[in-house]
Amino acid sequence: MTVLGIDRVSKTYGAGDDAVTAIDEISFTAEPGELLCIVGPSGCGKTTLLRCISGLMAPTSGAVHLDDRTVTAPPRAMAPVFQDYSRSLLPWMDIHHNVTLPLKAARMPRAEREALASDALASVGLGAHGRKYPWQLSGGMQQRAAIARALAYQPEILLLDEPFASVDAQTRADLEDLLLQVWGRTHLTVLLVTHDIDEAVYLADRILVLSAAPTRVRKTITVDLPRPRDQIATKELPEFAHLRASVFALIKAESGSAPPTDAATPDG
Amino acid sequence: MPFQFRRQAEAIVLPVLGVAVVLAAFELAPRVGILPRATFPPLSESARALGDLVRTGDLWQPLLETLDSWVRAMVIATLIGVPLGLAIGASRWGRLLTGLTIDFLRPIPSVALIPILVLVYGTSPTLKVTLAVFGATFPLVFQASYGITDVDPVAKDTARAFGMGPFTRLWRIVLPSCAPYLATGLRISASIALILVVTGEYVVGLPGLGREVLIAQSSAAYDRMYALIMAAGLLGVAVNLAFAAVERRVLFWHPSQREAA
Amino acid sequence: MIRSRLGRVALQLALPIALVALWWWTSSGSTQVFFPPLSRIVDSLQEDWLFEQVGSDLVPSLTRFTVGYALAVGTGVALGVLIGLAPRVRRASLPVIEFLRSIPPPLMLPFVLVVIGIGDDSKIALIVLGAVWPVLLNTIDGVRGVDPLMLDMARSFGLGRGRRIGRVVLPAASPKIVAGMRTALSIGLILMIISEMQASTNGLGFRVLSAQRSFDSAGTYAGVIVIGVVGLVVNFGFLVAEARIMRWHRGAQRVVEA
């Protein structure tokens, strides 16, 4: 199982006087099979960090390591799930073909591709909808399809960028549980960026709280809540509220000290 | 700082470079033999011929003849196309009644009418105008009918509530709302009309830029021929730019639909 | 009456039928050269075009058009993708492209005739030189407008350059490309006809012109009608093909608008 190491990664945009440092020497390790949530105030470099980790963007300094290999391009071992499913699923293909496309690119033989795709779609509850087009499905189902695509790819690390932000609360709860289910079965390493603190506490083994820009790791919080998690039971635990409050307080403090150009502080 | 500077520099240098490369290609290709020198003189020679045409005044008469027909065609096409389009677009009856007819007439390539027009007009320059009117009316009809269906019904109702009569409403609400569509229609029609006028001149031998091209071609004065083609191209660019500028001014406040090409 | 389907169809047919009837009636006794009786035009259509001149003229015309159009689309899309994906090349080449496409396409005819000569090659070349521009410009536009998120996704899942272009860029750009192809269709037809009127021994344009020259007015009109029908059929065929291939786009659009 691969260890994901982020080693003093920094990203600065522009040069000279106009230079803006989005993230500044962020370091952490994701243990194999761990579910790690990343939260932070609005405007902190969450997306930038994720793009550097995923290999889409090169950091200005520092490096991302998979075991001892440096990540310079999107690695085979990682699969993404984006927030905006309607722009990441290809509308000219049905769901099934969307799922098999990365497998075709990986030169997998047909039989294997088909099997993986069918399994992945079934595991997210879309077994009967493979021939539908993304725009024929609801938002929640589209995001499931995106998750199925990532799963079929057989990665070791799953990267999710605010994956449930664009769906309603009920669907979000369902998808959170789906993710936990899938994670429980596959034991992937999961990195999930979210602005929803409840979600972070509910899902995570550990939570990374980021600071305002220039972003650093403000604190790492271990979530000791028992598994399996439950939307009702877990959230009733006093420990849940306690963790939630700590994270919230940290973020609020970060937003308060944020530079004027950042978004407004969250209401509390 | 250097990043910004490079961006701005590129915005100027690159287009200039592109044009320069193409000009150089057209200059060298005949000299090197890629294009036959006998029938495609180097660009400098054609440019010189264009300069001669301008200097001796030989360009202006045909140019005016072309422009004259073009203006006539535009006026007539507008006077026919805009009211027709507005009438058609304004009522469901209108659209149902004329839809099929227009769908049949529209795909007819305008140039196919030239032989019939020759039978009717012989060698009268009116042929050009009629041809251009046929081609240029359709875009105006379409744009006018789209425009009028796009008028905000709330605006119309508000106007009526304030006691504005039908003509006042037409003048103050409907037409301004249609204006962006009409501007787009005019731009498209202007191009089509110009192309058809010049085509008519070339194919039938009617006075204008097109006929000058034909004469130069027949007398193997190829540098002059290309010079005239370039002049027609420049005229086309000028017309396009002018109408596009008007369109942009009329459009700046309106989120309208536009044709891609 | 508008409400019933039959009523609507009847209303739509009313004007064309009325116009044709008017035409028949006003032309029936005509002895004027430029306004032959419609009945004689119909006769001419029957005699000449069913099916005698189909082989000798219609087929060569359509063949030239198809070849020219296919080349125009192929070149336009290929170049458009290359230019659209390279911002510097795009900025450098756009002014030139805009100028070249402003030259009235029929005026490319003298160039083509003089440099290539009389024959099929020059006609096909003319069609390409006129029809390539809308395809090229629209492809460049469409390629530029591809959602960067989609490209990110494609890169993240290990799709190589070729697959990204074939599976993401081209389909995403296809609505714009198809719009350009539609414009190119009309331009191609016009150029096919013009080239046949100027330098040809067969074809639709040639037939119509020689009818006019020999003052066979009924034949002239008949030829124009055939050209009109060809234009209609080609356009209709395009619409049908487009509806099939772009079904996904209409579906996706409807969701966005909802």
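## Strand pairing in chain A

In this predicted model, A:Asp7 stands opposite A:Ala63, a residue of β4(A). That position belongs to the pairing of strand β1 (residues 4-13) of chain A with strand β4 (residues 61-66) of chain A, two strands that run antiparallel and are joined by five bridges.

The two strands are part of an open sheet of four strands in chain A, ordered β2-β1-β4-β5 and paired in antiparallel fashion. At its edges lie β2 (20-30) and β5 (69-70) of chain A, each of which pairs on one side only.

## Overall form of chain A

Taken as a whole, chain A holds nine helices and ten strands, and its C-alpha trace spans about 55 × 45 × 35 Å along the principal axes.

Of the 268 residues of chain A, 43% count as buried. When contacts in chain A between residues at least 6 apart in sequence are considered, 71% of them join residues at least 24 apart.

## Two domains in chain A

The domain assignment divides chain A into domain 1, made up of the segments 1-12 + 25-77 + 156-166 + 181-258, and domain 2, which covers 89-154. Taken over C-alpha atoms, the centres of domain 1 and domain 2 of chain A are separated by 26 Å.

How many residues of domain 1 of chain A are in contact with domain 2 of chain A? Four residues of domain 1 are in contact with six residues of domain 2 in chain A. On the side of domain 1 of chain A that touches domain 2 of chain A, three residues are nonpolar and one is polar, while no charged residue is found there.

## The contact between chains C and B

The contact between chain C and chain B takes 55 residues from chain C and 49 residues from chain B. On the side of chain C that touches chain B, the elements giving two or more residues are α1 (5-27), α4 (87-102), α5 (108-116), α6 (120-144), α8 (161-198), α9 (204-213) and α10 (217-245) of chain C.

Which element gives the largest share of the side of chain C that touches chain B? The largest share, ten residues, comes from α8(C). By residue class, the side of chain C that touches chain B divides into 37 nonpolar, 13 polar and five charged residues.

Methods. Residues numbered from 1 in each chain as written. Chains lettered and ligands numbered in written order. Predicted model: local features only at pLDDT ≥ 70, side-chain atom pairs only at ≥ 80, totals over all residues. Domains from an automatic or database assignment. Contact = placed C-beta atoms within 7 Å. Nonpolar A, V, L, I, M, F, W, Y, C, P; charged D, E, K, R; others polar. Buried ≥ 20, exposed ≤ 12 C-beta atoms within 10 Å, placed from the backbone. Pairing = 2+ DSSP bridges.
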